[in-house]
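Open the model in your viewer and follow the stops below in order. Each stop gives a selection and what is found there.

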Amino acid sequence: MPASSETTATLPSDVDLHARPAATFVRAAMGYDADVTIVAGDREADAKSLLSVLGLGAKAGTTVALRAAGPDAAAAVDGLAELLAGLVETPA
């Protein structure tokens, strides 16, 4: 059975998980040898799929759950939670 891990993270109060932040998140998720899921409210998404993550519609201040299974599960949820908490809005 592969290792699994779960944690939560809260988006900064000034950052929605829209195109640029979502792309940054997905690129980071792809770097882990784990199946990663992000959950916002009643919606769940594959963290390695940009369209799926955008479909969450996660707004600033939203607390999301991160779940991972695989060899890098613990590193994935820790790293991605840290990334989400540290996101900053970038100008267009």
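Two strands count as paired if DSSP finds at least two bridges between them. Keep in mind throughout that this is a predicted model.

Start with the sheet. Select the 4 strands, which form an open sheet in the order β1-β4-β2-β3, with antiparallel pairing. Now colour β1 (4-10) and β3 (43-46): these two stand at the edges, and each has a single partner strand, so one side of each is left without a neighbour in the sheet. Look along the sheet to see the twist, which averages 20 degrees from one strand to the next. In general, strands of a sheet pair through backbone hydrogen bonds.

Next, select residues 35-40 and 63-69. These are β2 and β4, an antiparallel pair joined over 5 bridges. Zoom in on V36 and find its bridge partner in β4, which is A68.

The last stop is A58, in the loop between α2 (50-54) and β4. Is A58 buried or exposed? Its relative accessibility is 4%, and buried means under 20%, so A58 counts as buried. Which residues does A58 touch, leaving aside its neighbours within four places in sequence? Select L11, D16, L17 and A40, which are in contact with A58. Finally, draw a line between the C-alpha atoms of A58 and D35: the two residues are 23 apart in sequence, and the line spans 20 Å.

Methods:
Residues numbered from 1 in each chain as written. Predicted model: local features only at pLDDT ≥ 70, side-chain atom pairs only at ≥ 80, totals over all residues. Heavy atoms only, no water. Axes fitted to C-alpha atoms, helices over the stretch in contact; angles between N-to-C directions. Buried < 20%, exposed > 50% of the residue type's maximum accessible area, 1.4 Å probe, protein only. Contact = heavy atoms within 4.5 Å.
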